[in-house]
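Dear colleague,

Please find below the structure that I am handing over to you. I would be grateful if you would look through it first and then read the notes that follow.

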Amino acid sequence: MAIDLRSDTVTQPSERMRTAAAEAAVGDDVYGEDPTVNDLEAAAADRVGTEDALYVPTGTMGNQIAARVHTDRGQEVVLDREAHIYQWELAGLAQLSGVQPRTVDADDAVPTPEQIHGAYVKESLHRPGTGLVTLENTHNARGGVAVPPEPISAAAEAAHDHDLPVHLDGARLFNACVALDVDPARMVRDVDSVLFCLSKGLGAPVGSMLAGDAKFIAAARRIRKLFGGGMRQAGLVAAPGLLAFENVERLATDHDNAARLAAGLGAIDGLRVPEPDTNIVRVYTDDLADAETFVEACEAAGVRGGVHGPHLTRFCTHLDVDRDDVETAIDRVAGVVASL
Ligand SMILES: *Cc1c(COP(=O)(O)O)cnc(C)c1O
């Protein structure tokens, strides 16, 4: 059987999740009448210590709703040049909110206060004005980097100095919190909104949560409707989301497995593998092969990964991959490298 390490989104919902979906109490969530969605939103807000939360179909929609709520057309958004919101959301900032990204190169995965002050543009007759700063934790494209709360707070403080709201793309927020042993509420204490996915390491089939204060969530609810995300008996897909919180602590297992995978792959001649913070392993095949060739060869050998750069392949651990799978994957990739 192929070991699927393309993403932590490929997990199968558990039997309990399927049963919870089948048995969920539901109502019309656009009328606010789905008890399961309401429970999930309350549980999410409680987890991250915000006033309220909103269930959204995807992380992308949650991020794009936040951008739309926080900005006016024609403004700028300051963010890292490797941010998911900038690189992987189909220019949603431009298409859905009419705003212009202004990128900085955040080497440590989070823009420094100096970078935020430097990127800030004051509105004038000639200049658009900055409307928002977005951060990301864990930082996906920089290798699942777990950013500690202090630099998040420092960035937020710098943004707030200019009266700019801050949105945190925490698709894998709980991976960061588990890796660093930080309370999620502390992690997001100084940001104005946060997005996290139920459908990645937490193992739910569908859905993400957007959290913030009551005023932000009320505005976000209208934009969700505008973007076509107002779902009716959504409790059917939300019910497994409530069980997903049970998978928070076990993210540590994914991180251990990723560390073992990185060590095993790093010991193979021809592969360069930085030590991962969380569940994302980056493999550079510098002189060995380009990533397309490498990924194809791995696939043929029963290990699935993703091309993330000319010579960069990404492998993710998740709850459908155990330690034996990791050992098998290392053996199979060793065989691939020997054959290239
Ligand atoms: C996966 C991801 C998203 C988007 O989530 P989807 O549910 O796939 O739309 C946003 N930000 C980051 C950092 C991600 O890794």
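**Surroundings of the ligand**

Sorted by class, the residues that form the shell around the ligand are two nonpolar, six polar and five charged. Please keep in mind throughout that this is a predicted model.

The ligand has 13 residues around it, and those that come nearest are G59, T60, D169, R172 and K200. Which helix supplies the largest share of this shell? It is helix α3, spanning residues 59–70, which contributes three residues.

- G59 has a backbone N or O atom that lies 2.8 Å from an oxygen atom of the ligand.
- N140 has an N or O atom in its side chain that is 2.9 Å from an oxygen atom of the ligand.
- D169 has an N or O atom in its side chain that is 2.6 Å from a nitrogen atom of the ligand.

On its own, the ligand has 380 Å² of accessible area, and the protein covers 84% of that area.

**Two points in the backbone**

In the loop between β5 (130–136) and α7 (149–161) you will find T138. The peptide bond that leads from N137 to T138 is cis, and its omega is near -5°.

The other loop runs between α4 (84–87) and α5 (92–97), and A91 is placed there. What is the phi of A91? It is near 55°, which is a positive value in a residue other than glycine.

**How helices pack**

Two pairs of helices are described here. The crossing in which α1 passes α11 is right-handed.

In the other pair, helix α13 (residues 291–300) and helix α14 (residues 323–339) have axes 9 Å apart and pack at an angle of about 125°. This angle makes α13 oblique to α14. Here, α13 passes α14 in a crossing that is right-handed.

With kind regards

Terms used
Residues are numbered from 1 along each chain as its sequence is written. This is a predicted model: local features need pLDDT of at least 70, side-chain atom pairs count only at pLDDT 80 or more; totals for chains, interfaces and linings use all residues. Side-chain values use heavy atoms; hydrogens and water are left out. A residue is near a molecule or strand if one of its heavy atoms lies within 4 Å of it. A polar contact is a pair of N or O atoms within 3.5 Å; within protein, one must be able to donate a hydrogen and the other to accept it, and residues adjacent in sequence count only if both atoms are side-chain atoms. Accessible areas come from the Shrake-Rupley method with a 1.4 Å probe; for residues, only the protein chains shown count as cover. Helices (H or I, at least four residues) and strands (E, at least two) are DSSP runs, numbered from the N terminus. Ala, Val, Leu, Ile, Met, Phe, Trp, Tyr, Cys and Pro count as nonpolar, Asp, Glu, Lys and Arg as charged, and the others, Gly among them, as polar. A crossing is left-handed if the near helix is turned anticlockwise from the far one by less than a right angle, and right-handed if clockwise. Axes are lines fitted to C-alpha atoms, for helices over the stretch in contact, and angles run from 0 to 180 degrees between N-to-C directions. Angles under 35 degrees count as roughly parallel, over 145 as roughly antiparallel, 65 to 115 as roughly perpendicular and the rest as oblique.
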